[in-house]
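Dear colleague,

Please find below the sequence and structure that I am handing over to you. My notes on what was found follow directly after.

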Protein chains: 2
Amino acid sequence: MGGDYAPHYVVEGTVQAVRESQERFAVVLVGQKQRIERELGKFPASKQISIAHASEVIDMLDAPNAALKTKRDSSITVGVTMHRDGKGDAFVSAGNTGAVLSASTLILGRIKGVSRPTIGALIPTESGRCFLVDAGANVDCRPRHLFEFGVMGSIYVGAMVGKENPSVGLLSIGEEDIKGNESSLEALTMFRASDMNFFGNVEGRDILQGKVDVVVCDGFVGNVLLKFGESVPSFFKAKFKNFAAKSIVNKLTALVARSGLRTVMKELDYQEHGGVPLLGVNGVSIIGHGGSTPKAIKNMIFRAEEFVRRGVNTKIEEAMKRVNG
Amino acid sequence: MGGDYAPHYVVEGTVQAVRESQERFAVVLVGQKQRIERELGKFPASKQISIAHASEVIDMLDAPNAALKTKRDSSITVGVTMHRDGKGDAFVSAGNTGAVLSASTLILGRIKGVSRPTIGALIPTESGRCFLVDAGANVDCRPRHLFEFGVMGSIYVGAMVGKENPSVGLLSIGEEDIKGNESSLEALTMFRASDMNFFGNVEGRDILQGKVDVVVCDGFVGNVLLKFGESVPSFFKAKFKNFAAKSIVNKLTALVARSGLRTVMKELDYQEHGGVPLLGVNGVSIIGHGGSTPKAIKNMIFRAEEFVRRGVNTKIEEAMKRVNG
């Protein structure tokens with residue numbers, strides 16, 4: 001029931017995922033049964049899709065923690081609880097991010113050694129992709145939290161992107177070890193003392209350049225950066241419109257350029273690649289954008305399956321044991 | 001002597017500024033006399049340009065505070081001191097940012113009521129420009145500091161951009177008043193209690209959209225955002241190159257698009273507009289990028305002159321008195 005276009009986009013994306021699944025997995029749609037059945041009826045029946053009823057819906061504007069208390073039969077709570085109870089290997093949602101975060105952390109619990117579960121986002125760079133962690137789950141971070149984000153991010157990229165021993169950078173205001181804020185400076189010494197493939201401080205300009213595979217920052221900075229990045233295409237569109245309005249030649253240039261621009265801009269839309277993973281909980285929870293398209297839903301389901309298959313959580317647990325001595 | 005291309009770019013920019021000045025101002029070039037004279041000799045003599053000798057140079061890699069102590073006859077220290085002593089109405093430098101910041105704050109002192117001087121940057125938006133403050137001077141900020149940045153930013157935009165009662169937004173991770181980190185949440189209540197034209201929280205995506213005239217954040221976030229923004233053109237260039245390599249049609253598209261792209265990208269280069277002002281000190285100190293071109297130097301000088309002419313500091317002092325009751 002989650003997201004701006006629920007349940008129809010969620011159902012459509014699920015149907016697509018199952019169709020392309022080669023029977024590797026089945027999907028349980030959690031939510032208001034009648035509404036889901038109506039949507040599902042538009043597609044050929046599949047044995048890989050079933051429904052679990054949940055009467056309530058936490059909507060995008062609900063205050064997460066309050067909603068979790070008052071709406072105990074929400075699709076989010078029911079779905080995460082099913083996952084905890086082994087009635088599913090992973091949970092996927094395009095619903096209220098705060099509610100999915102809280103429900104997953106509370107119901108699934110944390111992996112041993114993890115102080116704060118985190119979400120990270122794979123964003124495009126000039127040469128490939130980079131995992132920005134934390135992407136908005138934890139706004140006030142102690143140095144220890146930043147360090148753990150780096151550990152978990154490194155494991156995630158190693159397992160999911162297939163990059164061995166990925167490089168980790170700590171986002172700061174200068175390359176030198178003396179640059180940073182209180183929290184980042186202390187985290188830097190933790191990274192330096194660890195056996196990770198730690199690059200050192202990276203700056204804002206190094207992210208899109210792809211200088212490192214994992215960029216660590218607190219969730220305030222991560223959230224602001226991701227949203228800023230999302231707004232760049234619209235900015236360019238507006239500026240290109242001004243440019244086109246200045247002369248006939250410009251107008252023709254802009255017309256020709258449009259297809260190229262569109263292709264390039266699309267790469268910035270990291271949401272399309274399938275939601276962001278919550279790392280550090282005893283389970284698999286993939287969180288999608290409220291505006292997730294059917295394609296994004298499909299990709300989220302694939303990502304969840306891959307997360308399970310690659311044993312990311314076992315690897316995180318081992319890594320936490322290692323860094324905690 | 002400041003910047004990557006000193007003294008020749010600084011001298012060239014000064015000559016251009018004076019040429020276009022209509023004799024509104026004169027410029028004293030502070031630094032190693034012989035080297036400056038050599039550069040100055042390449043241009044027709046002007047009565048509006050003189051030289052003040054300073055034997056030492058703080059370079060871009062020097063640790064600011066250490067350098068200020070050991071190099072007491074640096075062009076930065078000599079120049080700021082001359083300004084304090086009334087031998088100049090403003091100070092402009094493309095040198096070591098930290099050193100200019102420290103020297104200006106220590107030698108000029110703070111305006112009454114200001115706890116922390118700040119630097120802000122005018123950045124382009126879809127509809128005009130927006131003043132991002134703090135742009136990197138203060139990385140760990142108490143709520144009071146953020147509030148003061150908003151007050152000073154509002155005065156600066158009002159006086160320099162000519163926008164009456166500019167709107168001020170507080171950068172956060174959501175629009176609602178409950179969203180933020182510890183520091184921003186407490187600052188929010190201060191803004192709400194003030195008589196400013198306060199918009200409320202703004203998000204990363206609202207900056208380039210031009211939702212407000214002044215965006216307030218701590219210097220860590222500001223620095224990261226500005227540098228991220230600076231790297232966007234290079235990212236697009238790389239992606240467009242990939243796009244062009246895919247087919248002949250794409251290649252032709254990219255060729256045609258190039259001029260448009262270049263024009264649009266140029267707007268992102270906020271450095272060209274003339275450095276960033278240090279706000280809150282008892283004087284005028286304009287800080288330029290190390291890579292400042294002659295044009296940027298020229299614009300910095302014009303900005304300094306305008307800062308003086310519009311009485312920005314008197315207005316900041318009045319505003320601080322007002323908000324402090």
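Chain A of this predicted model contains 12 helices and 10 strands. A compact globule of 325 residues would have a radius of gyration near 20 Å, and the 21 Å of chain A agrees with that. Taken along the principal axes, the C-alpha atoms of chain A fill a box of roughly 65 × 60 × 40 Å. Of the 325 residues in chain A, 54% are buried. Among contacts in chain A with a separation of 6 or more, 70% are between residues 24 or more positions apart.

Domains of chain A

The domain assignment divides chain A into domain 1 (1–114 + 280–301) and domain 2 (119–273). Their C-alpha centres are 27 Å apart. Where the two domains touch, domain 1 of chain A contributes 9 residues and domain 2 of chain A contributes 7 residues. On the domain 1 side, helix α11 (residues 294–309) of chain A provides the largest share, with 3 residues. By class, that side has 4 nonpolar, 4 polar and 1 charged residues.

Nonpolar side chains tend to be buried together in soluble globular proteins. Here the largest nonpolar core has 203 residues, and those that touch the most other members are L132(A), V215(A), V216(A), L132(B), V215(B) and V216(B). Because domain 1 and domain 2 of chain A both give residues to this core, it lies between them. As for the surroundings of V215(B), residues up to four places away in sequence are left out of the count; the residues touched by V215(B) are then C130(B), L132(B), G169(B), L171(B), V202(B) and I207(B).

Helix α4 of chain A

Which residues of helix α4 (residues 75–84) of chain A are buried? They are S75(A), I76(A), T77(A), G79(A), V80(A) and H83(A). Just after α4(A) comes G86(A), with a positive phi of about 80°.

The two chains together

Chain B is superposed on chain A by a rotation of 180° with 0.0 Å of shift along its axis, at an RMSD of 0.1 Å. The two copies are thus related as by a two-fold rotation axis. The residue of chain B that comes closest to this rotation axis is A257(B), whose C-alpha is at 2.2 Å.

The contact between the chains takes 42 residues from chain A and 42 residues from chain B. On the side of chain B that touches chain A, α8 (204–209), α9 (219–245) and α10 (248–268) of chain B each supply at least two residues. The largest share of that side, 18 residues, comes from α9(B). The residues on that side of chain B divide into 21 nonpolar, 12 polar and 9 charged. Since 100% of the interface residues of chain B are also interface residues in chain A, the copies meet through the same surface.

Backbone geometry

Most residues other than glycine have a negative phi, and most peptide bonds are trans.

- The peptide bond joining V133(A) and D134(A) is cis, with omega of about 10°. D134(A) is in the loop between β5 (129–133) and α6 (143–161) of chain A.
- A cis peptide bond also runs from A6(B) to P7(B), with omega near -5°. P7(B) belongs to the segment before α1 (8–19) of chain B.
- N165(A), which is not a glycine, has a positive phi of about 45°. Its place is in the loop between α6 and β6 (168–171) of chain A. With 11 other C-beta atoms within 10 Å, N165(A) is exposed.
- N165(B) likewise has a positive phi, near 45°, in a residue other than glycine. N165(B) lies in the loop between α6 (143–161) and β6 (168–171) of chain B. N165(B) is exposed, and 11 other C-beta atoms lie within 10 Å.

With kind regards

Notes: Residues numbered from 1 in each chain as written. Chains lettered and ligands numbered in written order. Helix = DSSP H or I, 4+ residues; strand = E, 2+ residues; numbered from the N terminus. Nonpolar A, V, L, I, M, F, W, Y, C, P; charged D, E, K, R; others polar. Buried ≥ 20, exposed ≤ 12 C-beta atoms within 10 Å, placed from the backbone. Least-squares fit on C-alpha atoms with pLDDT ≥ 70 in both. Core = buried A, V, L, I, M, F, W, Y, C linked by C-beta atoms within 7 Å. Domains from an automatic or database assignment. Rg over C-alpha atoms; globule rule 2.2 N^0.38 Å.
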